[in-house]
Amino acid sequence: MIGILLVNTGSPKTCKREDVKFFIRAMLSDPYVMTVADWFRPVLVNGIILPFRQFPSTRHYEMIWDMSCDDSPLLHHAKKLAEKLEQQTEIPVEVAMRYGEPSVQAAFERLLAKESRLHEVIVLPLFPQYAESSYKTVVDHVGQVFYKRPYPFRLKFVEPYFDHPAYISSLAERIKPYIGEGFDKLVFTFHSLPLSHVEEGWNKGKDFDYVYQTKETIRLLIKALAIDPRKTRLVYHSAMGSKWLKPDLDDTIKELAGAGTNKVIVVAPGFAADNLETLYDINIKARELFQKEGGTDFSFVPCLNHEDYWVESVIKIIT
């Protein structure tokens, strides 16, 4: 008997400041995320970043929190995706987060409670493109938890699915309603990375090359949508320094508005579910920037979340 474990980055337990602060500290304490000397990381996180970042981050989480289910959007969509997968496949499915709750250990225990005869757990890190700060840290963390106990099952990790036909098909299905009446620019935005990470991945080859994988995703998506590549832009967002991947989303949005671009559509293919970065950084902040600079028509394409066609695609990706 097999089980499925869906893993994403995570989110605060609530949108209260103490929970937001706890989550930010946990995430930035990961050496794959905050790539500085080990001795300096706690000084930087606790002494410099947290005192300033906890307050605006709390306000932003309050703006996007799903009060109807008292969950973060990221966790809500993950739970719904797991429910639909379990119904479709009749295989036990659980959700875990790299930082915060639900934990990997708790997810393993819930899977065993559903099916004590498990012999394999398929682990799907919900990151289409490879990056140390997303895919690798999840794989390492799940492995560390697994080897601490004598679990009766083995693990099977699903590789990044940046070029999987089912993923491309779902993205195209998601975007089609937004481009049906025409557009001036379709902007694809991915999370930025330090240039040092990018170079390291490039040296290892295509399986670890984040920029190659983002570009390949977009190439395949443009082909599937049958649109003019000249009407698209590839950008990055959430950079934490000058030596990070560019062009920057905010700079591009202001540039497009200033150049008289009226109808802009923004989509974030690197995220499986909506979260703070899509719902605030793109749908609120980038929208406000566009309108402030004179732009008129800004559309944000939601993530795949738990759409039925995405459920079908996930089944194809893991099998």
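Tutor: Helices (H or I, at least four residues) and strands (E, at least two) are DSSP runs, numbered from the N terminus; here, V301 is found in strand β8, residues 297-301. This is a predicted model, in which local features need pLDDT of at least 70 and side-chain atom pairs count only at pLDDT 80 or more, while totals for chains, interfaces and linings use all residues. Residues are numbered from 1 along each chain as its sequence is written, and side-chain values use heavy atoms, with hydrogens and water left out.

Student: Does V301 count as buried or exposed, and why?

Tutor: Buried means under 20% relative accessible area, exposed over 50%, and partly exposed in between, with a 1.4 Å probe and protein chains only. V301 counts as buried because its relative accessibility is 1%.

Student: Which residues does V301 touch, leaving out those up to four places away in sequence?

Tutor: Contact means heavy atoms within 4.5 Å, and on that basis V301 touches R174, I175, Y178, I265, V266 and V267.

Student: Where do the buried residues of α4 fall, seen down its axis?

Tutor: An α-helix has 3.6 residues a turn, so residues three or four places apart point the same way. In helix α4 (residues 104-114), V104, A107, F108 and L111 are buried. These buried residues fall within an arc of 100°, taken from the directions from the helix axis to the C-beta atoms, so they line one face of α4.

Student: Which elements do the buried residues of α4 pack against?

Tutor: The buried residues of α4 pack against β1 (2-10), β2 (93-99), β3 (120-125), α5 (132-146) and β4 (154-157).
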